[in-house]
Amino acid sequence: MGTRRAGAREEADTPTSSTEAEGNGGSESGESPERGKLEECWDRAGAFARKRGIQPTVAVLSPDGLTELRQRFGRSHGNRVLDDLRSLLEERLAHPHCGGTWTGSRFAAILVGIEHSDALDLLDEVLSSVRTTRFPKPDGDHFRLTLSAGAVEAPDGESLEEAVARARKELNAARREGGNLVVSPARPPEDRSNVVLVAEDDEVAAAILRHRLTREGYRVVHFADGIDAFEGVLRERPAVAVLDVMLPGMDGLEILSRLREVPACGDLPVLMLTALSRDADVVRAFEAGVSDYMRKPFSPAELVARIRTLLGQR
């Protein structure tokens, strides 16, 4: 029904420069200091596979929107965030698994002794841990970060470099879908181009939205609480979000502001739907980064038309 937003695509298809990679574990063409550890783990994984018949899974993980993050906070702070992320990944991928910097901002993981489907589930858990982690800003506040991963099952006779190269292709496929997910040949990305997240605590308005959007072929994910809605955007990866302003937990403007700080959500289409009608309220919403704004009471037909415009649909 539409196209996925392209916020992470450019970074996935553009090689990391040697300058950008400095301080992050090597350049795109050179080996990182952790490559030797990964090679040792690869040898151990091969021995385990020969003994138990369970092939290792190789994954390449990378933060979404790293370029935007560095532009906002500076390269030095961006590198500190990468260090925090690397520590988190190493903790989650402990023995018998292993992980380390492969090149630049890309982290390679070797998952040993578990079936490929279980390895994908473990990677999903890793991505969830990253989404719920509060990374520090230079001013002492915090922001959220998302991660993408590509994973492949490595057959006998394949080198680690060959497996990583295949996993990177899957990582790029994840980025083309907007990031924030794990992609493997065994589990291609799910089409999320018709998913609409609705944050609305008024039961009547929420019922109207669900009914009309479902009738038009959209899949609706509804939240009545602002905090749940914010977490839901990160978890559900909607194609567009419809936010009420007055919500319990976290109001729509704060949701919007926090989403715009998540690199992967910087260009997520957001439509604000609210009873607030003062011009100053409209201005505040657009200053916070809203894509469109509708006042209540609203026309369901007009709302659908606006969503289609936001998604580039005809």
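Cysteine 265 is buried, at a relative accessible area of 3%. Buried here means under 20% relative accessible area, exposed means over 50%, and partly exposed lies in between (1.4 Å probe, protein chains only). The areas come from the Shrake-Rupley method with a 1.4 Å probe, and for residues only the protein chains shown count as cover.

This is a predicted model, in which local features need pLDDT of at least 70 and side-chain atom pairs count only at pLDDT 80 or more, while totals for chains, interfaces and linings use all residues. Residues are numbered from 1 along each chain as its sequence is written, and side-chain values use heavy atoms, with hydrogens and water left out.

Two other cysteines are bonded. A disulfide is a covalent bond between the sulfur atoms of two cysteines. The test applied is a pair of cysteine sulfur atoms within 2.5 Å. By that rule there is one disulfide. Cysteine 41 and cysteine 98 form the link, with sulfur atoms 2.0 Å apart. The torsion about the S-S bond is -110°, and the link is left-handed. Cysteine 41 sits in helix H3 (residues 35-52) and cysteine 98 in strand E2 (residues 98-103), so the bond ties together parts that are 57 residues apart in sequence. Helices (H or I, at least four residues) and strands (E, at least two) are DSSP runs, numbered from the N terminus. Cysteine 41 is buried at 2% relative accessible area. Cysteine 98 is buried too, at 9%.

The backbone has some marked spots. The peptide bond from histidine 95 to proline 96 is cis, with omega near 10°. Proline 96 lies in the loop between helix H5 (75-92) and E2. A cis bond also runs from lysine 296 to proline 297, with omega near -5°. Proline 297 belongs to the loop between strand E12 (292-295) and helix H12 (300-310).

Positive phi values come next. Asparagine 180 has phi near 65°, a positive value in a residue other than glycine. Its loop runs between helix H7 (160-176) and strand E7 (182-183). Asparagine 180 is buried, with 8% relative accessible area. Arginine 237 has phi near 55°, again positive in a residue other than glycine. Arginine 237 is in the loop between helix H9 (226-236) and strand E10 (240-243). It is buried at 7%.

Now the charges. Side chains of opposite charge can pair when their charged atoms come close. A salt bridge is a side-chain nitrogen of Lys or Arg within 4 Å of a carboxyl oxygen of Asp or Glu. The structure holds 22 of these salt bridges. One of them joins aspartate 292 and arginine 306 at 2.8 Å, N to O. Aspartate 292 lies in strand E12 and arginine 306 in helix H12, so this pair ties together parts 14 residues apart in sequence. Aspartate 292 is buried at 14%, and arginine 306 is partly exposed at 26%.

Lysine 137 pairs with aspartate 141, the closest N and O atoms being 3.9 Å apart. Lysine 137 is buried at 10%, whereas aspartate 141 is partly exposed at 34%. Glutamate 216 and arginine 212 meet at 3.3 Å, N to O. A network of salt bridges links Glu190, Arg192, Arg219, Arg235 and Glu236.
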